[in-house]
Amino acid sequence: MTIQLIIDGGGDLPQGMMEQHDIKYVPLNLHFGDEQYKTGETDLATFYDKLKSSEELPRSSSPSPNDFYEKFKEVHPEDEILVLALTQGLSSTYESAVMGKDMLLEEEPARKIAVLNTKTASCGIALLVNEAADKMNEGADFDSLVSHMEERIEKTTTLFILKTLENVIKGGRLDRVKGTIAKTLNIKLLMRASEEGSIEVTEKVRGNKKSLRRFVDQIGEYTDQFEDRAIALSHCNDKERGQSVLNKITDRYNFKKSLFMEMGPLISTYAGEGGLVIAFFKD
């Protein structure tokens, strides 16, 4: 009997992590007009080009309950299932996973399956996958793993910084007039995932260097314990910028482990080119 981890298209993992931990994946859908893309199955370079050339952002849609049900059916009946779902604050993916779970349990009531609302996205889910894998390697049973992950979700801090405002203006999340003024003044947005898992703006900082410095400074306001913890960072189509910021973080804070990855299409749609996300556990 083993524990099967499942994530969805709202999570971004470092290269090789899916294979290392034998993780199953349920994609989200992105629609440019009549064209449909699936996270995890779409070439990122092609997607970025499409994103740049399009006047409007793609619409996203969550997987159906049946998508999750079919993925659950792939798992051996004796294995237990833990789903780390994209935050309910951004998507109905969590609800679809719960409905898929209920469909499975109607047929096979003895199955053990837990669906958790991670209240995070992108590298935040990588951080939680890493934590779950560590606990599984320590020999944790299913119930203690689920309990531990519920506690860790409440401690997960997810911070965002945007290099460009193009996508939040295109997506209607920032008024065009205000957006134009902010661009003219070189304003950068610092954001975070709220306790409910929605995204909120925390600060508006003028200038790229100053905003990145503030982005890194924030970590120390949430925790002063690093030695036994991991930091995760994802970048939107700007590996050099992402690696530079991660280096600044690891030079300053003594994290035990760092996870580095590229954003998938879903979070890239909102973050825009050069956007960064970091995730770590607060005290």
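This is a predicted model: local features need pLDDT of at least 70, side-chain atom pairs count only at pLDDT 80 or more; totals for chains, interfaces and linings use all residues.
1. **Three-stranded sheet.** Strands β4, β3 and β5 form an open sheet in the order β4-β3-β5. The pairing is antiparallel. The edges are β4 and β5 (59–61). Each has a single partner strand, so one side of each is left without a neighbour in the sheet. From one strand to the next, the twist averages 25°.

2. Strand β3 (residues 29–32) runs antiparallel to β4, and four bridges join the two. Asparagine 29 stands opposite lysine 38 in β4. Two residues lie between the strands of the hairpin.

3. Helix α2 lies across β3 and β4. Its direction is at about 40° to β3. Lysine 50 forms a salt bridge with glutamate 35, and their closest N and O atoms are 2.8 Å apart. Lysine 50 belongs to α2 (residues 44–53), while glutamate 35 belongs to β4 (residues 35–38). The two are 15 residues apart, and the pair links distant parts of the chain. Across the whole structure, the search finds 17 salt bridges.

4. **Packing of α3 on α4.** Two packed helices are described by the angle between their axes and the distance between the axes. For α3 (residues 65–73) and α4 (residues 93–107), the angle is about 50° and the axes are 7 Å apart. The two helices are therefore oblique to each other. Their crossing is right-handed. On the α3 side, the contact residues are Pro65, Asn66, Phe68, Tyr69, Phe72 and Lys73. On the α4 side they include Ala97, Met99, Gly100, Met103 and Leu104. By class, this contact has eight nonpolar, four polar and three charged residues.

5. **Six-stranded sheet.** A second topic is the open sheet of six strands, with the order β10-β9-β8-β13-β11-β12. Its pairing is mixed. β10 (199–206) and β12 (257–262) stand at the edges. Each has a single partner strand, so one side of each is left without a neighbour in the sheet. The twist averages 20° from one strand to the next.

6. Strand β11 (residues 230–235) and β12 run parallel, joined by six bridges. Serine 234 has methionine 261 in β12 as its bridge partner. Helix α5 (residues 123–137) packs on the sheet. It touches β8 (156–161), β11, β12 and β13 (276–281). The direction of α5 makes about 30° with that of β13.

7. **Packing of α9 on α11.** Helix α9 (residues 208–217) and helix α11 (residues 239–252) cross at roughly 45°, and their axes come within 10 Å. The two helices are therefore oblique to each other. The crossing is right-handed. From α9, Asn208, Leu212, Phe215, Val216 and Asp217 take part in the contact. They meet Arg241, Val245, Ile249 and Arg252 in α11. By class, the contact has five nonpolar, one polar and three charged residues.

How values were computed:
Residues are numbered from 1 along each chain as its sequence is written. Side-chain values use heavy atoms; hydrogens and water are left out. Axes are lines fitted to C-alpha atoms, for helices over the stretch in contact, and angles run from 0 to 180 degrees between N-to-C directions. Angles under 35 degrees count as roughly parallel, over 145 as roughly antiparallel, 65 to 115 as roughly perpendicular and the rest as oblique. A crossing is left-handed if the near helix is turned anticlockwise from the far one by less than a right angle, and right-handed if clockwise. Contact means heavy atoms within 4.5 Å. Ala, Val, Leu, Ile, Met, Phe, Trp, Tyr, Cys and Pro count as nonpolar, Asp, Glu, Lys and Arg as charged, and the others, Gly among them, as polar. Two strands pair if DSSP finds at least two bridges between them. A salt bridge is a side-chain nitrogen of Lys or Arg within 4 Å of a carboxyl oxygen of Asp or Glu.
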